[in-house]
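Please examine the sequence and the structure before reading each solution.

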Amino acid sequence: MGQGEILVTTTACDSAAKHQPNWAFTPDCPVRDVLDRIGDKWSTLILVTLANGPHRFSAAQRAIPDISKRMLTQTFRDLERDGLITRTVFPTKPPSVEYRLTSLGETILDPLRALVLWANQSHAAIQEARLAFDRAS
């Protein structure tokens, strides 16, 4: 395997990977399907936030101050639909809602931690590359 290649072992991607180098562009590829969800910044930030424990809606919004209420609500719904978080409604007046990672959601934390570490370590180099690109454009 050459540098930069990724070994794909999922069935739907296997056949595509054997026949074409752009297996990720195959619509039925499970990797693509999952990355569509966890690859957006809001999902990643919410999952990292919930890694510290359950949060109510307002606490999650305070932890991610630049997310709108609408986007937070939609992302919570999407993550719940995918089985990565649970939503618990408590019968108080007014009702309170708490969000927490599921056991499946907890399995994404190690890869996310690696990504966050890489982003922190690479941020300066990426900023420099952007500046160089923008100057050349």
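**Exercise 1. The loop of proline 94**

Task: Determine where proline 94 is found, and which residue a cis peptide bond joins to proline 94.

Solution. Step 1: Proline 94 is found in the loop between β2 and β3; strands are DSSP runs of E with at least two residues, helices are DSSP runs of H or I with at least four, and both are numbered from the N terminus. Step 2: The cis peptide bond joins lysine 93 and proline 94, with omega about -10°. Step 3: The strands β2 and β3 form a hairpin, with 5 residues between them.

A note on the source is needed here. The model is predicted, and local features need pLDDT of at least 70, side-chain atom pairs count only at pLDDT 80 or more, while totals for chains, interfaces and linings use all residues. Residues are numbered from 1 along each chain as its sequence is written, and side-chain values use heavy atoms, with hydrogens and water left out.

**Exercise 2. The chain as a whole**

Task: State how many helices and strands the chain has, and in what order the elements run.

Solution. Step 1: There are 7 helices and 3 strands in the chain. Step 2: Read from the N terminus, the order is α-α-α-β-α-α-β-β-α-α. Step 3: Of the 137 residues in the chain, 28% are buried; buried means under 20% relative accessible area, exposed over 50%, and partly exposed in between, with a 1.4 Å probe and protein chains only. Step 4: Among contacts (heavy atoms within 4.5 Å) with a separation of 6 or more, 36% are between residues 24 or more positions apart.

**Exercise 3. The sheet**

Solution. Step 1: In general, strands of a sheet pair through backbone hydrogen bonds. Two strands pair here if DSSP finds at least two bridges between them. Tyrosine 99 in β3 is the bridge partner of arginine 87. Step 5: The strand β3 is largely enclosed by the rest of the structure, because 5 of its 6 residues are buried.

**Exercise 4. Alanine 51**

Task: Locate alanine 51 and identify its contacts beyond four places in sequence.

Solution. Step 1: Alanine 51 is in the loop between α3 (41-50) and β1. Step 2: With a relative accessible area of 32%, alanine 51 is partly exposed. Step 3: Beyond its neighbours within four places in sequence, alanine 51 is in contact with Leu101 and Leu109. Step 4: Glycine 105 is 54 residues from alanine 51 in sequence, and 8.9 Å away C-alpha to C-alpha.

**Exercise 5. Helix α2 and its neighbours in a lining**

Task: State which helix gives the most to the lining of the largest pocket.

Solution. Step 1: Helix α2 (residues 30-38) gives the most, with 4 residues. A pocket is an open set of points on a 1 Å grid over the protein atoms alone where a 1.4 Å probe fits, with protein on both sides within 12 Å along at least five of seven lines; lining residues have an atom within 4 Å of a point. Step 2: Residues of the lining include Asp33, Arg37, Leu84 and Thr107.
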